[in-house]
Amino acid sequence: MLDWGGRNLKDHGPAALIGECRECGRQGPFHLVTLASSRRRHLIHVVRYGFRYAVMCPRCTYGVELFGADVGRAQDLARATAAWRAGRISDTQYDTEVRWLGEKLGD
Ligand SMILES: [Zn+2]
């Protein structure tokens with residue numbers, strides 16, 4: 001489970017419309033989220049130095065943090081989800097994208 005304290009968390013919408021959260025049993029999409037990371041410097045200045053990415057269950061916050069190439073992959077998947085919902089890509093294409101996330105989540 002991700003413990004991000006709920007601060008600076010931004011929800012980018014569904015990353016994939018896959019199955020069931022194994023932690024809370026929620027049916028429905030995992031969401032792509034980012035957390036703005038900041039670091040206190042010189043006592044008063046807070047410097048933002050980047051974002052952390054994850055795919056997360058919006059109910060219980062079970063999910064996986066993403067690093068490196070996986071971040072781009074998850075963004076592609078979020079785009080593929082939107083495209084699939086709009087009927088622009090086939091079920092087969094979408095299934096290929098989603099399978100990657102299923103493996104990430106340990107299904
Ligand atoms: Zn859950």
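## Helix α1

Ala-74, Leu-77, Ala-78 and Thr-81 are the buried residues of α1. Buried means 20 or more other C-beta atoms within 10 Å of a residue's own; exposed means 12 or fewer, and partly exposed lies in between, with C-beta atoms placed from the backbone. Seen down the axis of α1, the buried residues fall within an arc of 100°, so they line one face of the helix. That arc is taken from the directions from the helix axis to the C-beta atoms. The face turned away from the buried side carries the exposed residues Ala-69 and Gly-72.

Helix α1 covers residues 69-85. Its 17 residues should span 24 Å at 1.5 Å a residue, and its end C-alpha atoms are 25 Å apart, which agrees. The expected span is 1.5 Å times one less than the number of residues. Gly-87 follows α1 and has a positive phi, near 80°.

## Basis of the model

This is a predicted model: local features need pLDDT of at least 70, side-chain atom pairs count only at pLDDT 80 or more, and totals for chains, interfaces and linings use all residues. Residues are numbered from 1 along each chain as its sequence is written.

## Overall layout

The protein chain has two helices and four strands. Their pattern along the sequence is β-β-β-β-α-α. Helices (H or I, at least four residues) and strands (E, at least two) are DSSP runs, numbered from the N terminus. Of the chain's 107 residues, 20% count as buried.

## Thr-61

Thr-61 sits in the loop between β3 (45-56) and β4 (63-66). Its phi is positive, about 65°, although Thr-61 is not a glycine. Thr-61 counts as partly exposed because it has 18 C-beta neighbours inside 10 Å.
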